[in-house]
Amino acid sequence: MNLNRILMLWRLLFIALLLISSVLGLRIASELQIDTNLADVSPSIQNTLETRAAIAQLTQNVEQRILLLISGGDDDSVFEAEQQLRNRLSKLSELSILPTSEVLAEKLTEGIKPFRFSLLSDDQRAELISGNAEAIVQQAKASLFGLSEQIRLYPFADDPLGWHSNTLLALLDNPSAGLSNVEAVGFNTVINLRIDYGAMNMNAQQSLMTNLNIVIAEVASDYPVTVDRSGVFFFVAQAAKDSKQDISRITIGSGIGVILLLLFAFRSLHALLLPFISIALGVGFAFIATHLIYGSVHVLTIVFGASLIGIVIDYSLHYFYHGTQGNETDNSERQALHRAMLLSLMTSLIGYAALSFSDLQALQKVALFSCCGLLMAWLSVICLGDWALRRTLTTDKKVFPFLVSAFSRPLKLIKPVAWAAISGAVVVAATSIILFSQPFDDDPRVFFNASEALIASERKVAAVANDYEPGRYLIIHGVNDDDVYQRYEQLFGLISESGLFDAGNFTSLLAWIPNKSQQNSDYLLQEKLYGDGGVVQKLLAEISTQTPFSEFNKPIIMG
Amino acid sequence: MMLKQSRIVALCLTSLMLGLSNLSYSLDQLPLPSQGCSFSGSFTQSKDVAGLVGPLLSAGVFYYHCEAGVIWKTKSPVSQIFVFRKTGEAYKLQQQTATVLKSAQGKVLGRLLNSLIGGDQNQIAEQFKITTRPEIECQEGSEACKPSAEIYSLEPRKRSLKRGLKVIELNLAQPKEEEGEGQSMSVGISILDRKDQWTRIISSKTENLEGLTDSALRCSEVVSLNKQECDLLHDAP
């Protein structure tokens, strides 16, 4: 096949790709997604479908969750600042304010009410087993008649002894249940928020961050309070901001370098056209193809993609250099150039395609982005190279040859045997280092350098508020309920014995919902309270025999 | 004197015209008389509990010391002893064993009783928004009306208090003219909790225990209090 026919094929492919990408580019322009999801840099894990679905849901929840901690020197300021902040935040359409812990506690109390007869705290169980009914009557009576230092969660009709209130309060205090309301301590309050739209989208993040910064700054200036933030969102937003700066830095730096080099080598502004067209078309096509396949482009892909400029520019340089060497009728020179450039493209494609074997989706995206970008840039140079060379380019004949010879002359003095020895030494040294010191770091956290202030803020919030984090879950399977409980007990036994972990740091719903047989046993134990002649009947009998004092026969205060 | 009476009549007429419930105004401080540093008294308590017909009635004694705190002892129909120190610690004494109250409600209760019984104006003003309206008493067949008592509404400012109660109403009974100055004052405290249940307490100061020296000894001189309760309040070994 002669050169013109091959060139025609490349040109057809180039035009087809250009048309397709233009149409697709117009379609995705309105729904452009620049993704900042940290999960892309974590290896995928093999799990059951249910586990994967649970993890996906959990990750989504965590990505969308924000906690704002308001701290101040006095309770009133904190309370008023909270009200103002809640009011301002409710006007941000991207956010939903989750119910306060008090509202959630009310819901929990009401939700658990129908099952209160099946729950007991350890102390209550021991008290009922020891069978001292009279003591329980006297405690309940004292609580009713005297000052009540304990909170009653249920009305008298539902809980005449205040017994179930105590059960629930004891269970909520259980650190293993992870339900204790730590935010009530001190002058702190926490606002729980959920991001409804664009938690991982770079443009939406910027808008939300700006709005959040404004309302937080307003509250912090109106009241003597500090507002700390917690949430994956803030880290992701910061990483995205840093990545954006990296992209700008790489693009501007390499752009300036390339312009200077081209101007120096070819002494003409015309020489800038082909390199920049090829870069623009290559990066544009890569962006559209990646967006089409993955539904978004990850910010790390763009950072890596920016490094393509260095490779892509080589195609133009080769074309300019060889294009200015021969003449229009000399096809053999052009054929050799195309062959060499095709070979160069193939090696680069193989190198980048190898990244797609990685478990990290971020690297798979880099592979696709780079291969598409290189192919399109290469096609641009091949198809538009002749057009760019219509105006003759003069290459530098003095400085570059001088520099090349200055570098190569001393190297030529080294004998082939010495070269072989140096190469051998380098290979041995490199192999030893790889084998013995393993200088690799595949921890995805190296990609992020979170600010100290953000980490300090996160720690402060974590100290007073409970929330969940991804990747810290153990799922216990069993053939039935009892089996799950047994395995749970076994696991906690092993954790306690191991000494590696503190069992108190593990929280579980099972810590305060006993198994079925325990629930049945707790229910039966409470017959002593509610059965015939039980504690409640005794209490009611004692209450009804009390003689009113004369002082209470008239109302004390006209309310 | 004439001026004072005409003011009261004007106030009565205005009250009747406007409706008593609308006539309220805010105060920075309560007009609590100086009570002295150490005294004891008795109280009666009536508690409304939703689901029970009629209030639950109880009675007991209290002891207050301006530096130590309050002993609140219910004697009938149950025996219950609370010791609320000024420093914030709160204890429950049961069968001669003291238990530290860890619940927030116990601590709030201690702070409240200390500031109300001791008349700690700063503490009260810090914790509550105070409003008042006069309780008007008109003699039968006569147009002469006069304020028999002032009712002061204490609305909690702080969330910790708001969680437990909606409002406290204080009825500071005015000493009758014929009783003269120095007559002990009885205070009605009505507490409306967040479940709309009223607890009404009438406390009357019965004995002044002045003299700061050997406070614990003076405390145990109070009838119905024993050495253990007094030692716990005064932090005696």
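How many of the 559 residues of chain A count as buried? The share is 38%. Please keep in mind that this is a predicted model.

1. **Chain A as a whole.** Chain A has 21 helices and six strands. If you take the contacts in chain A between residues at least 6 apart in sequence, 79% of them join residues at least 24 apart.

2. **Where the two chains meet.**

3. The side chain of B:Gln45 reaches the backbone oxygen of A:Gly146 at 3.4 Å. B:Gln45 counts as buried because its relative accessibility is 1%, under the 20% cut-off.

4. Over all chains, the structure holds 17 salt bridges. Helix H3 of chain A takes part in two that are worth a look. A:Arg86 forms a salt bridge with A:Glu82, with the closest N and O atoms 2.9 Å apart. Both A:Arg86 and A:Glu82 lie in helix H3 of chain A, four residues apart, which is about one turn of the helix. A:Arg86 is buried, and A:Glu82 is buried too. The other salt bridge is between the side chains of A:Arg88 and A:Glu218, at 2.6 Å from N to O. A:Arg88 lies in helix H3 and A:Glu218 in helix H8 (residues 202-222) of chain A, so this pair ties together parts that are 130 residues apart in sequence. A:Arg88 is partly exposed, with a relative accessible area of 28%, and A:Glu218 is partly exposed as well, at 29%.

5. **A salt bridge between loops.** Next, find A:Lys113 and A:Asp158, whose side chains meet in a salt bridge of 3.0 Å, N to O. A:Lys113 sits in the loop between H4 and helix H5 (122-130) of chain A, and A:Asp158 in the loop between H6 and helix H7 (163-173), so the pair ties together parts that are 45 residues apart in sequence. A:Glu110 joins in too: A:Glu110, A:Lys113 and A:Asp158 are linked in a network of salt bridges.

6. **Aromatic pairs.** The count over all chains comes to nine aromatic pairs. One of them is formed by A:Phe233 and A:Phe234, an edge-to-face pair with 5.3 Å from centre to centre and 75° between the planes. A:Phe233 is buried, with a relative accessible area of 0%, and A:Phe234 counts as buried at 3% relative accessibility. In chain B, the rings of B:Phe62 and B:Trp72 have their centres 5.9 Å apart and their planes at 20°, so this pair is stacked. B:Phe62 is in strand E3 (residues 56-65) and B:Trp72 in strand E4 (residues 69-76) of chain B, 10 residues apart. Both B:Phe62 and B:Trp72 are buried. Ring pairs also link B:Phe39, B:Phe43, B:Phe62, B:Tyr64 and B:Trp72 into a cluster.

7. Is A:Cys372 buried or exposed? A:Cys372 counts as buried, at 14% relative accessibility. You will find A:Cys372 in helix H14 (residues 361-388) of chain A. Leaving aside its neighbours within four places in sequence, A:Cys372 is in contact with A:Phe285, A:Ala286 and A:Ala289. A:Cys372 and A:Phe285 are 87 residues apart in sequence, yet they are 6.7 Å apart in space, C-alpha to C-alpha.

Key: Residues numbered from 1 in each chain as written. Chains lettered and ligands numbered in written order. Predicted model: local features only at pLDDT ≥ 70, side-chain atom pairs only at ≥ 80, totals over all residues. Heavy atoms only, no water. Phe/Tyr/Trp six-rings, centres within 6.5 Å; stacked < 30°, edge-to-face > 60°. Buried < 20%, exposed > 50% of the residue type's maximum accessible area, 1.4 Å probe, protein only. Polar contact = N/O pair within 3.5 Å; in protein donor to acceptor, adjacent residues only side chain to side chain. Contact = heavy atoms within 4.5 Å. Salt bridge = Lys/Arg side-chain N within 4 Å of Asp/Glu carboxyl O.
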